[in-house]
Structure formats: structure tokens, C-alpha cells
Amino acid sequence: MARRTGWRVCSTPGCPEWTDQGGRCPDHRQQAEAKRGTARQRGYGRTHEQRFRPGVLAKHPACQLCGQAPSVHADHHPLSRRELVEQGLDPDDPKHGRGLCGPCHSSETAQHQPGGWNG
């Protein structure tokens, strides 16, 4: 098959399907999302929405990495939400977060969770 412009083979090992959205084909993307679970299932509940996120974005209105763009994501740092819970710390305390812009948050996620959200 000739290579399509802007198209890539699915990143799931062994999958021959092509995708124009980068990464996984639609079937494997859907499987990954189902495995990932909802935000609520991953522990991002009402307290996260009402306490952590607003507290972090108020503390860091500008992106803490690039310093150029406004913060739109409240990122757990330096410990992940999972690590905070494992250590018995409150993962919804804004002191455990930093504000990031969209591109920086995506870059950090790709770098520190290379296997995806399930890593």
C-alpha cells in the first residue's frame, strides 16, 4: 500500500491499520480509553474540581515550564496523584501541583508517562 500523506500506521504493535490522527487507530484508541477509565474512576472527583485545580491555577496563573502561556492544567508535581495516595498524602491539596499550559502539559505527560495514562 502506498503511504498516504498525513497518515501513519497505528502505534499498537502488530496493527496494520492506518490513522490520520497519529498514534492509535480508532479501534485501539477506543480500547485504550476504556482501559484508562473515566476521570472519576481515576480519582479525579469533586474535590479535585473544587479544591485542587482552582487552587493550583490561582497559585500558578502562568505556565510553570514555559512561563509564556496561561496555565490551563493543574498538574500533580513532583509526585504523581498515584504516588501521593500511596504515601498517604492528600492528592487534592494544591501544594502538590503546578499550573501548566496545554502544550507543556502534553509534553510532560508524554515524557513521564510514555506508556500512556496506564503506566
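Which residue forms a salt bridge with Asp 75, and how far apart are the closest N and O atoms? Select Asp 75 together with Arg 98: the two form a salt bridge whose closest N and O atoms are 2.9 Å apart, where a salt bridge is a side-chain nitrogen of Lys or Arg within 4 Å of a carboxyl oxygen of Asp or Glu. Asp 75 lies in strand β3 and Arg 98 in strand β4, so the pair ties together parts that are 23 residues apart in sequence.

Before going on, note that this is a predicted model, in which local features need pLDDT of at least 70 and side-chain atom pairs count only at pLDDT 80 or more, while totals for chains, interfaces and linings use all residues. Residues are numbered from 1 along each chain as its sequence is written, and side-chain values use heavy atoms, with hydrogens and water left out.

**The whole chain**

Switch to a cartoon view, and the protein shows four helices and four strands, arranged from the N terminus as β-β-α-α-β-α-β-α; helices (H or I, at least four residues) and strands (E, at least two) are DSSP runs, numbered from the N terminus. With a surface displayed, the protein exposes about 8,000 Å², of which carbon and sulfur atoms supply 50%, the areas coming from the Shrake-Rupley method with a 1.4 Å probe and, for residues, only the protein chains shown counting as cover. Of the 119 residues, 29% are buried, a term that means under 20% relative accessible area, whereas exposed means over 50% and partly exposed in between (1.4 Å probe, protein chains only). Among contacts (heavy atoms within 4.5 Å) between residues at least 6 apart in sequence, 46% join residues at least 24 apart.

**Back to strand β3**

Return to Asp 75, which is buried with a relative accessible area of 14%, and to Arg 98, which also counts as buried, at 9% relative accessibility.

Now select His 76, found in strand β3 (residues 73-76) and buried at 10% relative accessibility.

**The loop between α3 and β4**

The structure holds four salt bridges, and the next stop is the one in which the side chains of Arg 51 and Asp 90 meet (2.6 Å, N to O). Because Arg 51 lies in helix α2 and Asp 90 in the loop between α3 (81-86) and β4 (97-100), the pair ties together parts that are 39 residues apart in sequence. Arg 51 is partly exposed at 35% relative accessible area, and Asp 90 is partly exposed at 33%.

Move to Asp 92, whose side chain meets that of Arg 81 in a salt bridge (3.1 Å, N to O); Asp 92 is in the loop between α3 and β4 and Arg 81 in helix α3, eleven residues apart. Asp 92 is buried, with a relative accessible area of 9%, and Arg 81 is buried at 11%.

**Last stop: Gln 68**

Finally, select Gln 68, in the loop between α2 (46-59) and β3, which is exposed with a relative accessible area of 72%. A distance drawn from the C-alpha atom of Gln 68 to that of Cys 101, 33 residues apart along the chain, reads 8.7 Å.
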